Amino acid sequence: MSPLLPLALLILLAPFLAFLLNAFVARRAWALAGAFTIIGVAVSFITSILVFFQVWAGARLDLTFPWLTIGPGQSRAVDLGLRIDPLTSVMMLAVSGVSLLVQIYSWAYLHETEFDAQGHPHVHRDPGFSRYYCWMALFTFSMLGLVLGSSLLTLFIFWELVGLCSYLLIGFWYDRGRTEARPLVAEGYEGQYADARLSPPEAAKKAFLTTRLGDLGLLIGILYLWSQTGTLTFSQLEGMVGSMPTEVATIAALLIFCGAVGKSAQFPLQVWLPDAMEGPTPVSALIHAATMVAAGVYLVGRTFFLFEHAPVAMLVVALIGGFTAFFAATMGLVNNDIKRVMAYSTVSQLGYMFLALGVGGLGAAMFHLFSHAWFKALLFLTAGSVIHGSGTQDMREMGGLGRLMPWTFLATLVAGLSLIGIPPLSGFWSKDLIIGAVRNHEPVVGVGRLFTLDLTVTGLLLFFALMTVMMTAFYTVRLLFLTFGGRWRGDPHLAHHVHEAPAAMLWPMLILIIPSIFVGLWGSPLVPVGHFVSFVEGRPFTEEMSLGDIALPLALALIGIVIAWLMYGLKTISPARVAALTGPLYRWAYNKWGFDDLYNALVGSVVVGFAWVVAWTDRVVVDGIVNWIAQVIVAIGRAGRVVQTGQVQTYAWVVFGGLVIVAAAVVLPTLGR
Amino acid sequence: MPGLNQFLILGAIIFCIGIYGALSRRNVVVLLMALELMLNGVNITLVAFNRFLTPPAGVSSSPFAGQMFALFVIAVAAAEAALGLAIVIAVYRVRHTVQVDQIDALRG
């Protein structure tokens, strides 16, 4: 037995035990509930570190047991099990590490400070405190189970569990209604409106249903793969993939990718993630930035052998990823909600990861996942701190928070620069690996030549990647300037209530600064041995990094930074002018390329129309048959009731008539004798 | 001197008058009287059989079995009449009528 097995079980069971205790014991004891989850996740995190070092030293775990056997002679088994390899160990570090810091942060986040008329602070604890920590423990357990699973079925079970937790936590404030559009209270933005937002329960349903659409594909893919190979274990599938027909691998890979598209909010199922921001901000940080949404990338990475065997599927992954990276970034450029800008940024960065996977850069994708988890979680935690401190989430109503919340500003700055990809922060190295992977990609499908430019799919992908670098820089710097730069633009009465985050929120952010800076070095050419990519892919990896490769993305990032600086820092270019000049394009991006409207219309016409047909069939055909049977019975009864006159003499007539008939039957045959 | 047949015909006539009364009259008291007629018609046949036919050995040890039957029928008829009249009185108190065609609470 592998020495990793008890550790793996401990990693899983610690948060699960916390969940059980919170669900059944600590329902009213709020402090106990928080403590259970924090301790449970801390145990997982420490054990994950131990596991990581053992894996580094070469230990592996691949354990499966048949969950059920079916078919003639019990010949086919459906396996469940646990697996620990470099990819798992890295994922567990990110999941449990971010989760631990988010749990600590949440403790203070769920204590709302309000000010009365005299300006005295009053601390309110959210009534759902215990429930929150209960679901958070369940989520951490499920997410760790997802990365630990050694078969597609195990993964799928936890996949659905994290989806459930996401649903429960987006709808955490289930009693809150819609936020209607309201006029801004912001100097310089008079006459503008803060957008209407869905209610948390609506957002939760939207997230759940949209991801379910992708999960259906994943489930069909799992069943298809099982019907073709008879196994769902990753290691067995990997061994079989060589003898698998390309069409089978392609179909299976595309179906699995459907699940990833839903979970990771890729085009065309990206609509749920921005609305998922209706949940508490620490939830967004953990689930909708760092871990769960990256599960799609992990899934493709885990079944990467299948994709490598299916070039068409790879191309689809790369195109969807590249397009999503570009497309989400354009929406991030124009949004004014601090959390939604970050949500679009997350979609965009996840697109990067898929792009890397599609061009064969498994290690690059996983490395971006790993580094992105830290700095994006940090970015969301700072957003939570900003919202907590300023009482609004529309960036136009903020401003000047840099002086009022200096530590939050520092953390946002580091995370933001890391996201842009400024060397030597984490994001620079991981993004560079991805762009390198795209650059080294063999051009797949060529269309022709335009001047000196090769019109290939790879060229298109590179265009997406590089444009996204510029837009990322723009919206990040725009966010920084609008939030922290200048002076307070919002309601002047609120200005002196703006406060720095309490210690329990501040410390997790400050700790997250460290990985946001240094994690990237692991995937840089600076590490002499044990480069991230070679660790995860299990093959030697040397990165050739020429100055030209770095210079172009960096130059584009600088262009984005400068434009944003000119528009929102120096204000030499008026954002309103730019919006007016680019009118239709601006509105196009602001309305999310019309996808929400399109889906609403589709659901409104096609789905509701189909539902109407189904309802009609049920009402008229099914109910009709049932009612007809009932009516026949009633008619028989109505005919029968005529006999029941209630007149004793009628009955007597019947009795007498019966007697006469019986007597006749007995007597008449004897008369002839 | 009438024989068995004459008595049986008399019993049948009385029984049929009783049936006719029971089926055609509406007054409950008359119905009860008609029932008495039916019972007495039967009584006549029982006594007549007893008088004209000797029961075969083994069927009954008593030569008076038919008469005993008749006596039982008379006793039961008396009890039935008492019970029936009691019911009639009870029904009359509730429904203020003794016409059977108006007592149809069990109509379907």
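The following paragraphs lead through a predicted model, going from chain A as a whole to its helices and loops and then to chain B.

Chain A has 673 residues, of which buried residues make up 49%, and its secondary structure comes to 26 helices and eight strands. Taken along the principal axes, the box filled by the C-alpha atoms of chain A is roughly 130 × 70 × 60 Å.

One helix pair in chain A to look at is formed by helix 14, which spans residues 338-358, and helix 19, which spans residues 457-484; their axes come within 11 Å and cross at roughly 160°. Because angles over 145 degrees count as roughly antiparallel, this crossing angle makes helix 14 of chain A roughly antiparallel to helix 19 of chain A. The crossing in which helix 14 of chain A passes helix 19 of chain A is left-handed. On the side of helix 14 of chain A, the residues that meet the partner are A:Ile338, A:Val341, A:Ser345, A:Ser348 and A:Leu355, while helix 19 of chain A contributes A:Leu461, A:Ala465, A:Thr468, A:Thr472, A:Tyr475, A:Leu479 and A:Thr483. Sorted by class, this contact between helix 14 and helix 19 of chain A has seven nonpolar and five polar residues, with no charged residues. As background to the spacing of such positions, an α-helix has 3.6 residues a turn, so residues three or four places apart point the same way.

A second pair in chain A brings together helix 13, residues 311-334, and helix 24, residues 583-590, whose axes are 8 Å apart and whose packing angle is about 105°. Angles from 65 to 115 degrees count as roughly perpendicular, and helix 13 of chain A and helix 24 of chain A are therefore placed in that class. The residues that meet are A:Thr330, A:Met331, A:Leu333 and A:Val334 from helix 13 of chain A, and A:Tyr586, A:Ala589 and A:Tyr590 from helix 24 of chain A. By class, this contact of helix 13 with helix 24 of chain A has six nonpolar residues, one polar residue and no charged residues. Helix 24 of chain A lies largely in the open, because the number buried among its eight residues is zero. Just after helix 24 of chain A comes A:Lys592, which takes a positive phi of about 55°.

Helix 8 of chain A, residues 246-263, has 18 residues and reaches 26 Å from its first C-alpha to its last, which is close to the 26 Å expected at 1.5 Å a residue. Helix 8 of chain A is mostly covered, with 13 of its 18 residues buried.

A:Ala265 counts as buried because 28 other C-beta atoms lie within 10 Å. A:Pro268 is also found in the loop between helix 8 and helix 9 of chain A, where helix 9 covers 272-275, and the peptide bond from A:Phe267 to A:Pro268 is cis, with omega near 5°. Elsewhere in chain A, the peptide bond from A:Pro423 to A:Pro424 is likewise cis, with omega near 0°; A:Pro424 is found in the loop between helix 17 (406-420) and helix 18 (426-439) of chain A.

Turning to chain B, ten of its residues are in contact with ten residues of chain A. The side of chain B that touches chain A has, by class, six nonpolar, one polar and three charged residues.

Within chain B, helix 3 covers residues 65-95 and includes B:Leu83. B:Leu83 counts as exposed because it has 11 C-beta neighbours inside 10 Å. The C-alpha atom of B:Leu83 is separated by 33 Å from that of B:Gln6, which is 77 residues apart from it along the chain. In the segment after helix 3 of chain B is B:His96, a residue other than glycine whose phi has a positive value near 55°. B:His96 is exposed, because 8 other C-beta atoms lie within 10 Å.

Definitions and conventions. Residues numbered from 1 in each chain as written. Chains lettered and ligands numbered in written order. Predicted model: local features only at pLDDT ≥ 70, side-chain atom pairs only at ≥ 80, totals over all residues. Contact = placed C-beta atoms within 7 Å. Nonpolar A, V, L, I, M, F, W, Y, C, P; charged D, E, K, R; others polar. Axes fitted to C-alpha atoms, helices over the stretch in contact; angles between N-to-C directions. Helix = DSSP H or I, 4+ residues; strand = E, 2+ residues; numbered from the N terminus. Parallel < 35°, antiparallel > 145°, perpendicular 65-115°, else oblique. Left-handed = near helix turned anticlockwise from the far one by under 90°. Buried ≥ 20, exposed ≤ 12 C-beta atoms within 10 Å, placed from the backbone. Expected span 1.5 Å × (residues − 1).
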